[in-house]
Amino acid sequence: MPRVTYRLPDGRDCEVELSNGQSLMEGAIRNGIGAILGECGGSAMCATCHVYIEGGPVGALPSMCDDEDAMLEEAAAERLGNSRLSCQIRMNAALDGIVVRVPEEM
Ligand code: FES
């Protein structure tokens with residue numbers, strides 16, 4: 001199964017395996033990574049799953065849709081060039097080794 005590393009606000013790295021098709025937001029919640037909230041359930045309507053892509057196979061990421069782009073403007077933490085909504089990224093083999101940093105504010 002493809003692996004993702006969540007870089008947590010306290011500086012710890014947490015590497016977990018996710019099922020194909022599971023979003024990075026769902027994977028965080030199922031693995032007890034409480035820093036990602038996912039309040040809207042993955043509908044790109046809350047930005048409480050905001051992450052920064054920090055490494056790994058970034059070229060394999062899906063392109064950003066208009067809804068995600070608009071919602072990132074509402075995120076509590078500063079939007080950067082590597083900002084994404086983790087609910088909009090579904091794991092697959094090509095994303096094995098992706099690294100995301102969780103902002104302090106959600
Ligand atoms: S879970 Fe709400 S925008 Fe991702």
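The model is predicted, and the values below are computed from its atoms. The chain holds two helices and five strands, which follow one another along the sequence in the pattern β-β-α-β-α-β-β. The five strands form an open sheet with mixed pairing, and the largest nonpolar core has 20 residues.

**Overall dimensions and packing**

- Taken along the principal axes, the box filled by the C-alpha atoms is roughly 30 × 30 × 25 Å.
- Of the 106 residues in the chain, 27% are buried.
- When contacts between residues at least 6 apart in sequence are considered, 67% of them join residues that are at least 24 apart.

**The sheet and its strand pairs**

- The strand order across the open sheet is S2-S1-S5-S3-S4, and the edge strands, S2 (13–17) and S4 (83–85), each pair on one side only.
- Neighbouring strands of this sheet are turned against each other by 35 degrees on average, with direction ignored.
- As a general point, strands of a sheet pair through backbone hydrogen bonds, either parallel or antiparallel.
- The hairpin of S1 and S2 has five residues between the strands, and in it Gly11 takes a positive phi near 95 degrees.
- S1 also pairs with S5, here in the parallel sense and over four bridges, with Arg7 standing opposite Arg101 in S5.
- S5 pairs in the antiparallel sense with S3 over three bridges, and the partner of Ile53 in S5 is Val100.
- Strand S3 (residues 50–55) is in turn joined to S4 by three bridges in an antiparallel arrangement, where Val51 has Arg84 as its bridge partner in S4.

- In soluble globular proteins, nonpolar side chains tend to be buried together.
- Within the largest nonpolar core, which has 20 residues, those with the most contacts are Val4, Leu24, Met25 and Val100.
- The elements that give two or more residues to this core are S1, helix H1 (24–30) and S5, and H1 gives the most, with three residues.
- Strand S5 (residues 98–101) has a covered face formed by Ile98 and Val100, whereas Val99 and Arg101 lie on its uncovered face.
- Leaving aside residues up to four places away in sequence, Val100 touches Val4, Tyr6, Arg7, Leu24, Val51, Tyr52, Ile53, Glu54 and Ser86.

- Most residues other than glycine have a negative phi, which is the background for the next two entries.
- Ala44, in the loop between H1 and S3, has a positive phi near 60 degrees although its residue type is not glycine.
- Ala44 counts as partly exposed because 18 C-beta neighbours lie inside 10 Å, whereas a buried residue needs 20 or more.
- Ala47 lies in the loop between H1 and S3 and likewise is not a glycine, with a positive phi of about 65 degrees.
- Ala47 is buried, because 23 other C-beta atoms lie within 10 Å.

Conventions:
Residues numbered from 1 in each chain as written. Predicted model: local features only at pLDDT ≥ 70, side-chain atom pairs only at ≥ 80, totals over all residues. Buried ≥ 20, exposed ≤ 12 C-beta atoms within 10 Å, placed from the backbone. Contact = placed C-beta atoms within 7 Å. Pairing = 2+ DSSP bridges. Axes fitted to C-alpha atoms, helices over the stretch in contact; angles between N-to-C directions. Core = buried A, V, L, I, M, F, W, Y, C linked by C-beta atoms within 7 Å.
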